[in-house]
Amino acid sequence: MKPTIIIGGGIIGLFTAYYLEKSGIPSIIIDKGDMLDTTSTGNAGMIVPSHIIPLAAPGMISKGIAWMFSSKSPFYIHPKLDRKLLEWSWLFYRSANASHVERSIPFLKNISLLSKSLYQDFRLEHASSADLQLEEKGLMMLYQTAEVEKEEIEFAHLARKHGLEAEILSPKDISTVEPNLEVKARGAVLFPGDAHLSPAVLYQFLKQYLQSKGVVFYNNQEVLGFEQKAGNISAVITPQGAIHGEKFMFCAGAWSASLAQMLGFNLPMMGGKGYSFIQENTPEIKQASILTEMKVAVSPYGQQVRFGGTMEIAGTDERININRVKGIFESINRFYPSFQAKFPEKEQIWKGLRPCSPDGVPYIGQAPGYENAWFGTGHGMMGISMAPATGKILSDLHQGELSSMDLKAFEVGRF
């Protein structure tokens with residue numbers, strides 16, 4: 001049996017290899033980088049079934065226009081004459097409506113709930129060999145303004161309507177959740193069903209586990225093209241030569257669009273750049289939270305805490321925009337006045353490109369026009385959250401099995 005080729009060694013690619021290996025299918029992972037510091041290792045590590053609203057939603061256009069005038073805002077699109085960016089922006093605009101949100105909610109909820117269940121199974125199976133720092137303490141959405149309070153409470157009611165738990169907290173309730181320091185907030189919504197983990201620990205464990213099971217890794221290998229005939233791919237062309245396989249999985253994140261172009265179809269995608277940094281957790285923040293006005297994620301891990309955020313639509317530009325980092329940093333003492341924050345050195349700043357589809361819904365399924373190729377990408381800020389479910393779905397599709405989920409919203413060729 002020829003191996004299955006997985007292009008992309010991020011968390012989606014690793015979980016795809018994981019579920020293929022559990023089914024006895026050998027695989028090879030090809031990645032353009034060194035697979036050490038990736039988009040999958042420095043994010044907030046949140047598992048969020050509560051996040052049922054796609055990025056393309058009513059209100060994002062007006063907010064985005066307002067944020068365009070601030071170099072520290074949480075969302076930014078580089079204004080430039082670029083065909084791919086213009087196409088993406090038009091599709092985003094076209095998708096940002098209530099009917100799209102309503103259609104998307106069941107799909108996003110179901111894949112996130114499946115992922116959380118698979119994470120729980122994963123932790124039980126590997127309890128003796130991996131401490132993922134998985135905390136099932138929920139996610140608290142902190143807010144300071146009346147406008148955002150109204151939005152968050154409306155969202156809490158929407159989440160309840162769709163069967164998710166949501167608790168509306170007063171400032172007194174918040175002080176019970178966070179007893180070690182003052183939290184400057186008008187209120188919060190707590191989603192008890194959410195969780196968070198250490199993405200770097202998860203990533204390193206998965207990589208080592210797969211290597212121990214015989215999965216082959218090709219690092220620092222740029223994909224130059226493909227050998228293909230009549231709707232079937234037979235090999236990936238790299239600078240080192242052809243790597244042959246039987247079936248092909250495309251999990252290359254923000255670079256998936258260029259691979260689709262090599263295969264002859266359009267996959268609208270832009271990289272959404274995010275940043276994060278770690279601080280000593282003093283005084284100790286205990287609860288994973290989102291500082292909603294600035295869209296900053298707070299992920300505590302005992303003696304350390306990670307702050308991360310921003311969505312800078314930047315294609316595949318990986319340069320650090322220090323003003324974006326300043327926006328994250330300044331939000332810390334805005335919400336936690338006594339927290340001992342120190343601005344990070346440049347080498348301490350993590351950056352990553354989240355793969356963003358224009359409608360805020362991932363691409364999961366068969367590549368249009370190909371019998372032996374599937375895509376799993378476009379998860380935006382939810383790559384960690386949806387990774388196990390995406391890997392499991394791709395493994396099932398690989399074997400010709402019907403997914404337990406309706407995949408219509410994730411169709412790869414929908415644009």
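In this predicted model, six strands make up an open sheet of mixed pairing, and they follow one another in the order β9-β2-β1-β13-β20-β19. The strands at its edges are β9 (216-218) and β19 (363-366), each of which pairs on one side only, and the twist from one strand to the next averages 15 degrees. The points below begin with this sheet and then turn to other strands, a pocket, the cysteines and some backbone details.

- Helix α10 (residues 383-398) lies across β1, β13 (247-250), β19 and β20 (373-377), and its direction makes an angle of about 170 degrees with that of β20.

- Another open sheet is formed by 3 strands in the order β10-β11-β12, and here the pairing is antiparallel.
- Its edge strands are β10 (225-229) and β12 (241-244), since each of these pairs on one side only, while neighbouring strands are turned against each other by 30 degrees on average, if direction is ignored.
- Strand β11 (residues 232-238) pairs with β12 in the antiparallel sense over 4 bridges, and valine 236 has isoleucine 243 in β12 as its bridge partner.
- Helix α8 (residues 256-263) packs on this sheet, where it touches β10 and β11, and its direction makes about 40 degrees with that of β10.

**Strand β17 and the strands that pair with it**

- Strand β17 (residues 304-313) is largely enclosed by the rest of the structure, because 9 of its 10 residues are buried.
- Strand β4 (residues 75-77) pairs with β17 in the parallel sense over 3 bridges, and in this pairing phenylalanine 75 stands opposite methionine 311 of β17.
- Strands β14 and β17, by contrast, run antiparallel and are joined by 8 bridges, with glutamate 280 having glutamine 304 in β17 as its bridge partner.
- Strands β16 and β17 also run antiparallel, joined by 6 bridges, and alanine 297 stands opposite glycine 308 in β17.
- The hairpin of β16 and β17 has 2 residues between the strands, and in this hairpin glycine 302 takes a positive phi near 70 degrees.

**The second largest pocket**

- The second largest pocket holds about 380 Å³ of space, and of the 22 residues that line it, those closest to its centre are Lys84, Ala257, Ser258, Met269 and Met270.
- The elements that give two or more residues to the lining of this pocket are α3 (83-95), α8 and β14, and α3 gives the most, with 4 residues.

- A disulfide is a covalent bond between the sulfur atoms of two cysteines.
- A search of the whole structure finds 0 disulfides, and for cysteine 251 the nearest cysteine sulfur, that of cysteine 356, is 17 Å away.
- The sulfur of cysteine 356 likewise has that of cysteine 251 as its closest cysteine sulfur, and the 17 Å between them is too far for a bond, given that the two sulfur atoms of a disulfide must lie within 2.5 Å.
- Cysteine 251 counts as buried at 6% relative accessibility, and cysteine 356 is buried as well, with a relative accessible area of 3%.

**Backbone details in the loops**

- The peptide bond from threonine 282 to proline 283 is cis, with omega near -15 degrees, and proline 283 lies in the loop between β14 (270-280) and β15 (289-291).
- Glutamine 133 has a positive phi of about 55 degrees although it is not a glycine; this residue lies in the loop between α4 (98-125) and β5 (139-143), and at 29% relative accessibility it counts as partly exposed.
- Lysine 295, which is also a residue other than glycine, has a positive phi near 55 degrees; lysine 295 lies in the loop between β15 and β16 (296-301) and is partly exposed, with a relative accessible area of 37%.

Methods:
Residues are numbered from 1 along each chain as its sequence is written. This is a predicted model: local features need pLDDT of at least 70, side-chain atom pairs count only at pLDDT 80 or more; totals for chains, interfaces and linings use all residues. Side-chain values use heavy atoms; hydrogens and water are left out. Buried means under 20% relative accessible area, exposed over 50%, partly exposed in between (1.4 Å probe, protein chains only). Two strands pair if DSSP finds at least two bridges between them. Axes are lines fitted to C-alpha atoms, for helices over the stretch in contact, and angles run from 0 to 180 degrees between N-to-C directions. Contact means heavy atoms within 4.5 Å. On a 1 Å grid over the protein atoms alone, a cavity is a set of points where a 1.4 Å probe fits but cannot get out, and a pocket is an open set with protein on both sides within 12 Å along at least five of seven lines; lining residues have an atom within 4 Å of a point. Grid points are joined across faces, edges and corners, and a volume is the space filled by probe spheres set on the points.
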